[in-house]
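Here is a short briefing on a protein model. Look over the sequence and the fold, then read on.

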Amino acid sequence: AQNGKKGIEIFSNSGEDFDLVITDIQMPVMDGFGVAEALRDAGWVKPIIALTAFATEYDADKCFASGCSHYITKPIDVETFAGRVAGSLNERVT
């Protein structure tokens, strides 16, 4: 999706049962924090992985506070990304 709002629309209208959401934090219209909050407010309990260029503790805390399960910093390491996705598929947010 080109932005977070469009991503939520696609997610909501697709009829698919997604196992995982991966969202960039910096997007136009609705950022990744907004995406995570909207999904959690709608009752979605599956993993949300945030992609971010920021690696500070503050940014990590903000990701988790918005409802993200995990975050991965850019540039993305393929092995780290694959491991995080694989591990997340076995999780549920409580």
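Gly32, Phe33, Gly34, Val35, Ala36, Leu39 and Arg40 are buried in helix 2; buried means under 20% relative accessible area with a 1.4 Å probe, protein chains only. Seven of the ten residues of helix 2 are buried, so the rest of the structure largely encloses this helix. The model is predicted: local features need pLDDT of at least 70, side-chain atom pairs count only at pLDDT 80 or more, and totals for chains, interfaces and linings use all residues. Residues are numbered from 1 along each chain as its sequence is written, and side-chain values use heavy atoms, without hydrogens or water.

**Around helix 2**
- The cover over its buried residues includes helix 1 (4–13), strand 1, strand 2 and helix 3 (57–66); contact means heavy atoms within 4.5 Å.
- Helices (H or I, at least four residues) and strands (E, at least two) are DSSP runs, numbered from the N terminus.
- At the start of helix 2, a side-chain oxygen of Asp31 comes to within 3.2 Å of the backbone nitrogen of Phe33.
- Gly43 follows helix 2 and has a positive phi, near 95 degrees.

- Three strands make an open sheet in the order 1-2-3, with parallel pairing; strands pair if DSSP finds at least two bridges between them.
- Strand 1 (21–24) and strand 3 (70–73) stand at the edges with a single partner strand each, so one side of each has no neighbour in the sheet.
- Four bridges join strand 1 to strand 2 (residues 48–52).
- Ile22 stands opposite Ile49 in strand 2.

Technical notes:
Buried < 20%, exposed > 50% of the residue type's maximum accessible area, 1.4 Å probe, protein only. Polar contact = N/O pair within 3.5 Å; in protein donor to acceptor, adjacent residues only side chain to side chain.
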